[in-house]
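Please read it with the coordinates open.

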Amino acid sequence: MIDIWQTEYTPAEDALWLRQSTVGSWELCPGRVMQVEHQDYNPLPSEPMSFGTLVHEMLAIELEQGKVPWALGPVEDLWDTLLLNEYSVSLADLASEGVIHESALNAIGAVHLWRQQVEPTLPEGEKLIERKLEAPLGVLPNGREVWLHGTGDLLYKDKAIGFDWKTSGRDWKEGKATYLGQPSSYQYLHLYNHGVWVEEWRYWVYDRGSSTWRLHTTRRDKQQVMAWLRHAYGIACAIDAGVVYYTPTQSPYGKTERGWWCSPKYCSAWDHCPGKYLADEFDEKQSAIINWV
Ligand code: SF4
């Protein structure tokens, strides 16, 4: 195993790249991660996911350029460009005009509130905005390297604090930030790339239901980070070995209780997945929902 705390490496050409967010997807259902290469896999994001991407992009522009006079037309153009670049699909193909207008106005409102509630809390210092980070995770039993990568929303070169923006249909439950894997992944990625050990992670969550930003904070120590890295390394081993299993249920003890992620709305592998059938009332024959209307 690579000594991830002390040594610098260059990725090998055949390295396995593990996105930090893939770890969270795997925890929901490993089958979905392994279905990505299937010919019928639908990579298009849901409206809530794409809304979050739009707000992130707008906030990155705000942080780079200062206050922007956001208006409906340019925001919809920005959203369209994001979708075209990432998925080669236009906004108009995914949603009706009414849905697009409403969501874009909601995004503008979120950014205006962010200026009032969040921006004044950001410390001065050298900001690292939407910075792509890479770091070695280990070597597989077959000799193949594993690398971790992710994009941090807002980090500082000279401050032991990190920020992340989230959008949600409702506020997070108290303590949710404590159980996220993401802070551990960025703790390591930031340390490896910039030598900064973050003392506190601040998650600002935009609740679309009540139109408010709420703060959730968390911390990580070395043991917690190491435990997460070992967990991520184990997932990389399973991916490299082609291990496929499905977890459509909330809990291993509640086999009939379907998780929210296992649905035509939220799973990109829904149409062709062989592991979605449960002894419940759900109609698995319905097709995946591929637009936002
Ligand atoms: S449909 Fe359900 S079981 Fe199948 S990959 Fe998606 S989440 Fe997993």
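1. Conventions. The model is predicted: local features need pLDDT of at least 70, side-chain atom pairs count only at pLDDT 80 or more, and totals for chains, interfaces and linings use all residues. Numbering starts from 1 along each chain as its sequence is written. Helices (H or I, at least four residues) and strands (E, at least two) are DSSP runs, numbered from the N terminus.

2. α3 against α4. Helix α3 spans residues 47–65 and helix α4 spans residues 72–87. Their axes come within 10 Å and cross at roughly 115 degrees. Axes here are lines fitted to C-alpha atoms, for helices over the stretch in contact, and angles run from 0 to 180 degrees between N-to-C directions. That angle makes α3 roughly perpendicular to α4. The classes are: under 35 degrees roughly parallel, over 145 roughly antiparallel, 65 to 115 roughly perpendicular, and the rest oblique. The crossing of α3 and α4 is right-handed. A crossing is right-handed if the near helix is turned clockwise from the far one by less than a right angle, and left-handed if anticlockwise.

3. Who makes the α3–α4 contact? From α3 come Ser50, Thr53, Leu54 and Glu57. From α4 come Leu78, Trp79, Leu82 and Leu83. Contact means C-beta atoms, placed from the backbone, within 7 Å. The residues of this contact divide into five nonpolar, two polar and one charged. For these classes, Ala, Val, Leu, Ile, Met, Phe, Trp, Tyr, Cys and Pro count as nonpolar, Asp, Glu, Lys and Arg as charged, and the others, Gly among them, as polar.

4. α4 against α6. Helix α6 covers residues 97–117. It packs on α4 at an angle of about 100 degrees, with the axes 10 Å apart. The two helices are therefore roughly perpendicular to each other. On the α4 side are Leu72, Val75, Glu76 and Trp79. They meet Ile100, His101, Ala104, Leu105, Ala107 and Ile108 of α6. This contact has eight nonpolar, one polar and one charged residues.

5. α3 against α6. How do these two helices cross? Their axes come within 10 Å, at roughly 40 degrees. α3 and α6 are therefore oblique to each other. The crossing of α3 and α6 is right-handed. Glu47, Phe51, Leu54, Val55, Met58, Leu59 and Glu62 of α3 meet Ser103, Ala107, Ala110, Val111 and Trp114 of α6. By class, the contact has nine nonpolar, one polar and two charged residues.

6. Ligand shell. Which residues come nearest to the ligand? Of the 14 around it, they are Cys29, Cys262, Cys267, Cys273 and Lys276. A residue is near a molecule if its C-beta atom, placed from the backbone, lies within 6 Å of it. The shell has nine nonpolar, three polar and two charged residues.

7. Positive phi. Most residues other than glycine have a negative phi. Ser88 has a positive phi of about 55 degrees although it is not a glycine. Ser88 is in the loop between α4 and α5 (91–94). It counts as exposed, with 8 C-beta neighbours inside 10 Å. The scale, with C-beta atoms placed from the backbone: buried at 20 or more other C-beta atoms within 10 Å of a residue's own, exposed at 12 or fewer, partly exposed in between. Glu130, also not a glycine, has a positive phi of about 45 degrees. Glu130 lies in strand β2 (residues 127–139). With 16 C-beta neighbours inside 10 Å, Glu130 is partly exposed.

8. Gly181. This residue is in the loop between α7 (176–179) and α8 (182–194). Gly181 is partly exposed, with 18 other C-beta atoms within 10 Å. Leaving aside neighbours within four places in sequence, Gly181 is in contact with Val23, Gly24 and Trp228. Its C-alpha atom is 19 Å from that of Ser251, 70 residues apart along the chain.

9. Glu102 lies in α6 and counts as exposed, with 12 C-beta neighbours inside 10 Å. The C-alpha atoms of Glu102 and Gly150 are separated by 30 Å, at 48 residues apart along the chain. Asp283 is in the segment after α9 (222–241). Asp283 has 7 C-beta neighbours inside 10 Å and counts as exposed. Asp283 and Arg230 are 38 Å apart, C-alpha to C-alpha, and 53 residues apart in sequence.

Technical notes
Two residues are in contact if their C-beta atoms, placed from the backbone, lie within 7 Å.
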